[in-house]
Amino acid sequence: SSGTFGSFQGVSFTDANKGTAVGNGGTILRTTNGGTNWTLQSSGTTEYLAGVSFTDADNGTAVGSNLSSGLGIILRTTDGGINWTLQSSVTTNALNGVSFTDTDNGTAVGYNVSSDSGIILRTTDGGTTWFSQTSGVSGFLAGVSFTDANNGTVVGRDGIILRTTNGGTNWTLQ
C-alpha cells in the first residue's frame with residue numbers, strides 16, 4: 001500500500017528495491033524494499049508531477065506542471081529524495097516525461113497548448129541548464145526513454161513516435 005489515495009503518474013526504479021513514484025499535489029513516495037513500504041518525501045511543491053527518472057539511488061529528476069497556469073516544473077535531487085531543488089527550465093509549458101542516462105544527460109518532453117506543438121528539452125549538465133530541441137511535430141508528447149546519451153525515443157498522442165541517434169539534435173518521425 002502506498003499509504004495515500006493520490007493519483008500517481010510516473011515511477012523510476014534503480015534496482016529491485018529502490019524506487020520513486022510521483023503524482024498529483026507534488027506527491028513523491030520512495031521505497032527501499034521493492035514497494036513493500038513507501039515513505040512520503042517532501043517535494044517542496046504542490047504542483048502536478050508527471051514523470052521521474054533516477055540514474056542511481058541518489059540522483060533523480062521529476063517533471064510536471066502547474067495545472068492552472070500550465071507552467072513547467074523541474075525538480076532535482078542528489079540525495080535520494082531527502083531534498084528536492086527547483087530547477088529553472090526554458091519552457092512555460094507542461095512537462096510530462098523525463099529520462100536521464102547518467103547524472104548529466106537528460107531529456108524532458110511536454111506540450112505547448114497555444115502552438116499545439118511537442119516540447120523537447122535537453123540538459124548535458126545535470127539540469128543546471130536546459131535548452132529546447134525541435135520536435136518537428138504538433139501534438140502532445142507524453143513519454144521519453146534514452147538508452148544512452150545519444151539514442152532515445154519519444155512517444156505521444158495520435159501515434160507519435162520520434163527517434164534520435166544523436167542526442168536529440170535531430171528527431172525522426174517513425
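1. Two strands are taken to pair if DSSP finds at least two bridges between them, and strands themselves are DSSP runs (E, at least two residues) numbered from the N terminus. On that basis strand β13 (residues 141–146) and strand β14 (residues 152–156) run antiparallel and are joined by five bridges, with Phe 146 standing opposite Gly 152 in β14.

2. The model is a predicted one, in which local features need pLDDT of at least 70 and side-chain atom pairs count only at pLDDT 80 or more, while totals for chains, interfaces and linings use all residues. Residues are numbered from 1 along each chain as its sequence is written, and side-chain values use heavy atoms, with hydrogens and water left out.

3. Four strands form an open sheet in the order β9-β10-β11-β12, with antiparallel pairing. Because β9 (94–100) and β12 (131–138) stand at the edges with a single partner strand each, one side of each is left without a neighbour in the sheet. Within this sheet, strand β10 (residues 106–112) pairs with strand β11 (residues 117–123) over seven bridges in the antiparallel sense, and Gly 110 has Ile 119 of β11 as its bridge partner.

4. Asn 93 is placed in the loop between β8 (85–87) and β9, and it counts as buried at 13% relative accessibility, where buried means under 20% relative accessible area (1.4 Å probe, protein chains only). Its contacts (heavy atoms within 4.5 Å), leaving aside neighbours within four places in sequence, include Gly 70, Tyr 111 and Ile 119.

5. The structure holds five aromatic pairs, for which the ring centres of Phe, Tyr or Trp (its six-membered ring) must lie within 6.5 Å, with planes over 60 degrees apart counting as edge-to-face. One of them is the edge-to-face pair of Phe 54 and Trp 84, at 6.1 Å centre to centre and 85° between the planes; Phe 54 lies in strand β5 (residues 48–54) and Trp 84 in the loop between β7 (72–77) and β8, 30 residues apart. Both Phe 54 and Trp 84 are buried.

6. The rings of Phe 146 and Trp 171 have centres 6.1 Å apart and planes at 90°, so this pair is edge-to-face. Since Phe 146 belongs to strand β13 and Trp 171 to the loop between β15 (161–164) and β16 (172–173), the pair ties together parts that are 25 residues apart in sequence. Phe 146 and Trp 171 are both buried.

Key
Buried < 20%, exposed > 50% of the residue type's maximum accessible area, 1.4 Å probe, protein only. Phe/Tyr/Trp six-rings, centres within 6.5 Å; stacked < 30°, edge-to-face > 60°.
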